[in-house]
Amino acid sequence: MNRLFARSLSLFVISLLLGGSVCAQRTPTVLTWHNDIFRTGQNLRETVLTPATVNPASFGKLFSYPVDGMLYAQPLYVPHLAIPGKGIHNVVYLATQKDSVYAFDADNAKANPSPLWFANFTDPPRVTPVPCRDNQVDCNVYPIIGITGTPVISLSNHSIYLVARTKETDQQGHASYFSRLHALDIATGAEKSGSPVVICGRPSGETCAFDYGTKQSSFNPQHEMARPGLLLMPSRATGHDVVYIGFAGESGWLLAYDAQTLALLAAFPTGPNIPAKNRGRAGIWGSGGALAGDTEGNIYAATGDGIFDVNKGGSDYGDTLLKLNLVRQSFGAFEFQVSDYFTPSNYICLNAEDLDLSSSGPLVLPKQKGSHVDEILIAGKSNPGCNRKGSPIRVIDRNNLGHVNGQVQEVNGSPGGYFSSPAYWQDSKTKYVYYAGADPGAFDEDGDEEKALGDHLRLYRFKDGVFNPTSSVSESPNLFHNGGTPAISADRTERGIVWIIERRDPLSEKPGNRPAYLHAFDATDVSRELYSSETRPARDAAGPAVKFVVLTIVNGKVYVGTQTELDVYGLCPCPQ
């Protein structure tokens, strides 16, 4: 079983890194958030878009597809797919806050203006997405909450997996709240056998009870939200693929479902004893990031504010990077096992100041040279009261997370912290890490809040398992008020480009009305901007920006999700 699992997982990881299935299609795929289970953000098979071809004269907006709601989820992509009755298409998949899923032709809106298929899980007025005011805990996603976390696609199961939230009102006006896991056929949008399954459905104020270990803890579907992207990977415990789902809300949860049967395998609460004053902070957020995995089948999740007491025999993991495994118990059932964890030594201050470690997602690094070959990066929010020199970017050994403050290296990051995740790429000589900090407050040297300006996209060099030097070596000419999660396109180790979406409305503006700005930078020197959609706004302007979103670069095109439409960019001739 171990040898079979290792081979299965190796093939699975290779297919994601190369952007295709194990049977290697010529065109890459994008099946999960940030392109792979490590969350590197790389497409290493892009030969059309290069630093020589991406510029305002030869690159721009090609077309758009209207959608019914905000696109918080990253667009996913499957090439050369047979759609019954409609031929072979490269397909881009979109999920909206209206609880809708679209499958569009990825290349030609003029010839294919309508969806190849469309699915919706509501039935107004009685079945609707959850209004954020009903969420009670937080209006982090505004004004409605439907499908938020990025879905995940399994080519072997021919399925796209997603979590949809609904408010369902009976004839007497009594409301119940549901979270459901759906598995849809990627060619037709039809529900697969056994789909959907109710994760939890209860009237307002009532909860579901999930077993974990020998205990029980409650899950409130009115308050818990599947905010991070889903994770799909083979499991040593089950012998086949498992879908992992993270939730943020009252206490936070990690759930595991069998990818074939959709049976619930295990549940784990990250903060089962969260007090009322911390509700809305606990759980797995990641600012739109995703659960991460590694080649050994481990799961990594960063948590938000709340109690941290496991070092004193408790069961709460506030502001912690968790390393978990799905294991089979002696009587045949499954459970999550915490194999290791990392918690910053100033966790009391972080919790008191609402400085989540979970505001940024983890990035699992490829094998490194040096004394720590298996590493992971994590950052979070910041202010001078807890982190006077900026939010620490932490390098942590995955084989020894160190518990309280056991990192390999700590580098001073953005003064305002991060509401985004990093990206990673290496050329033939150098390894690079890219971060774009947020700005919920820039501070002067006396700790007084100054005008909110944001931070640059920064390029760091990484050598022998550490940042070297410890400060960024180049930065973008423009500032990113809310930060942003970069993505990489390259032809293996050559012709790298860093892409990123800029939102200029402050986070307090819900939902905001300024357009999403698309930027492209030279991946070896981000001070060199190759393209900005602001240069030719009449031609290239995108729809209104959504916070914390990630674009998709594949097969010579860039896909940008907005509040109202999917905007598709590529090499011209572009509409003038």
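In what order do the five strands of the open sheet come? The order is β1-β34-β35-β36-β37, with mixed pairing. The views below come from a predicted model, and each legend takes one spot at a time.

**View 1. The open sheet and its two edges.** Start with the five-stranded open sheet, β1-β34-β35-β36-β37. β1 (42–43) and β37 (525–532) are the edge strands: each has a single partner strand, so one side of each has no neighbour in the sheet. Zoom in on the β37 end and you'll find β36 (residues 517–522) pairing with β37 in the antiparallel sense over four bridges.

View 2. The model has 24 aromatic pairs in total. One of them is phenylalanine 59 with tyrosine 569, a stacked pair at 6.4 Å centre to centre with 20° between the planes. Phenylalanine 59 sits in β2 (residues 59–66) and tyrosine 569 in β40 (residues 565–571), so the pair ties together parts that are 510 residues apart in sequence. Phenylalanine 59 and tyrosine 569 are both buried.

Next comes phenylalanine 419 with phenylalanine 548, also stacked, at 5.8 Å centre to centre and 5° between the planes. This one is loop to loop: phenylalanine 419 is in the loop between β28 (409–412) and β29 (423–426), and phenylalanine 548 is in the loop between α4 (537–540) and β38 (552–554), so parts 129 residues apart in sequence are tied together. Phenylalanine 419 is buried, with a relative accessible area of 12%. Phenylalanine 548 counts as buried too, at 13% relative accessibility.

**View 3. A ring cluster and two arginines over rings.** Ring pairs link Phe63, Tyr65, Tyr102, Phe104 and Phe118 into a cluster. Elsewhere, look for charges over rings. The charged end of arginine 180 sits over the ring of phenylalanine 178, 4.4 Å from its centre. For arginine 504, the ring below the charged end belongs to tyrosine 517, and the distance to its centre is 3.9 Å.

View 4. Is arginine 394 buried or exposed? Arginine 394 has a relative accessible area of 5%, so it counts as buried, the cut-off being under 20%. Arginine 394 belongs to β26 (residues 392–397). Leaving out residues up to four places away in sequence, its contacts include Phe342, Pro344, Leu357, Ile376 and Ile378. Gln407, Gln409 and Glu410 are also among the residues that arginine 394 touches.

View 5. Most residues other than glycine have a negative phi, and most peptide bonds are trans. Two cis bonds are worth a look here. One joins tyrosine 142 and proline 143, with omega about -5°; proline 143 is in the loop between α2 (132–135) and β9 (144–145). Another joins asparagine 468 and proline 469, with omega about 5°, and proline 469 is in the loop between β32 (466–467) and β33 (474–480).

Then there's phi. Aspartate 464 isn't a glycine, yet its phi is positive at about 55°. Aspartate 464 lies in the loop between β31 (455–463) and β32 and is partly exposed, at 43% relative accessibility. Asparagine 555, again not a glycine, has a positive phi of about 55°. Its place is in the loop between β38 and β39 (557–561), and asparagine 555 is partly exposed, with a relative accessible area of 29%.

View 6. Isoleucine 307 is in the loop between β21 (299–302) and β22 (321–328). It is partly exposed, at a relative accessible area of 29%. Isoleucine 307 and arginine 539 are 232 residues apart along the chain, and 50 Å separates their C-alpha atoms.

Terms used:
Residues are numbered from 1 along each chain as its sequence is written. This is a predicted model: local features need pLDDT of at least 70, side-chain atom pairs count only at pLDDT 80 or more; totals for chains, interfaces and linings use all residues. Side-chain values use heavy atoms; hydrogens and water are left out. Rings of Phe, Tyr and Trp (its six-membered ring) pair if their centres lie within 6.5 Å; planes under 30 degrees apart count as stacked, over 60 as edge-to-face and the rest as tilted. Buried means under 20% relative accessible area, exposed over 50%, partly exposed in between (1.4 Å probe, protein chains only). A charge sits over a ring if NZ of Lys or CZ of Arg is within 6 Å of the ring centre and within 35 degrees of the ring normal. Two strands pair if DSSP finds at least two bridges between them. Contact means heavy atoms within 4.5 Å.
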